[in-house]
Amino acid sequence: MKNRIIITTIFITSLFLGACKKTLDLNPLDQIATSTFYKSKADFDQALAAVYGSLQPEEFAVGIGFRDCFTDNGYNQFGSGGSKDFVQGNFNPTTGGYETGIYNDSYTGIARVNLFLQNLTNYKGSDISDAQRKVYEGEVRFIRAFFYFQLYSIYGDVPLVLQPLDLSNQKQPKVPAAQVLTQITADLDYSIANLNTAAYYANGGHAAASSAKALKARVLLFAAYGTTGTPDPAILTQVRDICLDLMGQYKLSTNFEDIFRDATQKNNTEIIFSINFLAPNNAAQWDMYYGDWDACAPLQNMVDAFECTDGLPYGTSPGSSPLTDTKNQFNNRDPRLRKTVYADSVDFGPGKVYHPSNLRPTGYGTIKFLEPNNMPYGFSTLSQQDAVILRLGEVMLMYAEAQNEIVGPDANVYKATADLRARVSMPPYPAGYTKDQMRERIRHERRIELAFEGLRHYDLLRWHIAGPVLNNVKTSLINYHFEDKFYKWPLPQTEIDKSGGVLVQNPDYK
């Protein structure tokens, strides 16, 4: 049975929505209000579950694969999240999709955190010790940092809201992105200092100090590249040291696919933080979206990017592997290809084959997040796979990237990449790489290892190579068009309008 932080529906709907409602009876006895809810530790536990629940919207959880359809990795035939508009260059303040959803849902989560913290400060009950107060605060500040990183990395300058808002202060101006980054790191430093030092997989679904460390490493790695794509060695040194610490606490999952399968996620020693689901009342649409609808179709260039088992590129051009089998693209390939992509039909072996009801526009689908035991996939499928947000595989790649940029391809860089590739029986990199050569291999390894986990978009932005990469995509069903202004997204026009001029649009979209 999964360990879960169960979300209390009545709390979410009544406390966070109903508490703002004005009626003649200011304290109706048949409704939960903020002022009357927080009466015991149990109430704070329920409120904490609601804060964790704010991580569950599609763009942060079941839709992480769709985020790769904003890149050169995949194609979403339904345009989920506005992916088609983005890659075609039809992106503006009224596009909607994730352009609006990430902004609004992040601030919804931030509002829950701020309300929780205010009530925790005001609560005088003796059933919550000082130590427990710090743990509560550390957990919700970790989640607030997660949301502000979404906003910082995509929009840049945004409002920085650290207190519950009311009618008198609800219109908030933007602050510089650097100030948002300072708050993110402050929240994560508090979490690191006060959360449980046990590994996440032994912490009952709650964020641990190591979860905050891993998120801080990702945040700093993004920030290190600034607006030019040239990294700051001092920031990278922080990333390297954080990752080295985490690499001593976690172990790679023996089987790559176990990270994403429901039955093998609990107590998985690689997972550092995940967004939890529990059927039947708290299910997601993993199997329907990816296994039946093929809403995340890998592009041919993505499939071709997986090496052959000898570590050489797949293909027929000079320097390609002699193991290349153009008649069977999955033959003699990096095992992660079969564990990430399916061709036409979902195939887990005899008795575990499913033919999606929707078209496969590229001929491929994403198998990475599918649960074999949930077949046949459809509207009635109750998928409870967790969304893995932070894991050791990414940490090892962050370490290798930072160390290579700081000192070059030393033995530590080679070992980190070799250990990760050995998990799937792929050979280590050849000796003698230059820093530039190792940089390209690490970037390629990230694309393969972390495919459809929603990180490719961050990578293209922080390396500042989105334009050259996306404008060179030739294997999609639609034409790609990336402009430099897309390195920062526009703020939703609905939010600009509601602010009455207080919130100012990003310069390139005025």
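Predicted model: local features only at pLDDT ≥ 70, side-chain atom pairs only at ≥ 80, totals over all residues.
**Notebook: loops, a helix and some charged pairs**

I started with His464, which counts as partly exposed at 29% relative accessibility.

Residues are numbered from 1 along each chain as its sequence is written, and side-chain values use heavy atoms, with hydrogens and water left out.

His464 sits in the loop between H17 and helix H18 (466-470). For these labels, helices (H or I, at least four residues) and strands (E, at least two) are DSSP runs, numbered from the N terminus.

I located Phe452 in the loop between H16 and helix H17 (456-462). Is Phe452 buried or exposed? Phe452 counts as buried, at 0% relative accessibility.

Next I looked up cis peptide bonds. One joins Ala279 and Pro280, with omega about 5 degrees, and Pro280 lies in the loop between strand S2 (271-275) and helix H11 (286-292). Another runs from Met375 to Pro376, with omega near 0 degrees. I placed Pro376 in the loop between strand S7 (364-366) and strand S8 (387-391).

**Entry: helix H10**

I then followed H10 (residues 233-247), whose 15 residues reach 20 Å from first C-alpha to last. That is close to the 21 Å expected at 1.5 Å a residue, the expected span being 1.5 Å times one less than the number of residues.

Which residues of H10 are buried? My list reads Ile235, Leu236, Val239, Ile242, Cys243 and Leu246. They cover an arc of only 125 degrees around the axis, so they are on the same side of H10; the arc is that of the directions from the helix axis to the C-beta atoms. A reminder to myself: an α-helix has 3.6 residues a turn, so residues three or four places apart point the same way.

The buried residues of H10 pack against helix H9 (209-224) and H14, where contact means heavy atoms within 4.5 Å. At the start of H10, a side-chain oxygen of Asp232 comes to within 2.9 Å of the backbone nitrogen of Ala234.

**Entry: salt bridges**

I counted a salt bridge when a side-chain nitrogen of Lys or Arg is within 4 Å of a carboxyl oxygen of Asp or Glu. By this rule there are 31 salt bridges.

One of them pairs Asp187 with Arg141 at 2.7 Å, N to O. Asp187 is in helix H8 (residues 177-194) and Arg141 in helix H7 (residues 130-155), so I was looking at distant parts of the chain, 46 residues apart. Both Asp187 and Arg141 are buried.

Arg439 and Glu405 form another, their closest N and O atoms 2.6 Å apart. Arg439 lies in helix H16 (residues 435-449) and Glu405 in helix H14 (residues 392-407), so the pair ties together parts that are 34 residues apart in sequence. Both Arg439 and Glu405 are buried.

Finally, I noted a network of salt bridges with shared partners, including Glu270, Asp334, Lys368 and Arg441.

Key: Buried < 20%, exposed > 50% of the residue type's maximum accessible area, 1.4 Å probe, protein only. Polar contact = N/O pair within 3.5 Å; in protein donor to acceptor, adjacent residues only side chain to side chain.
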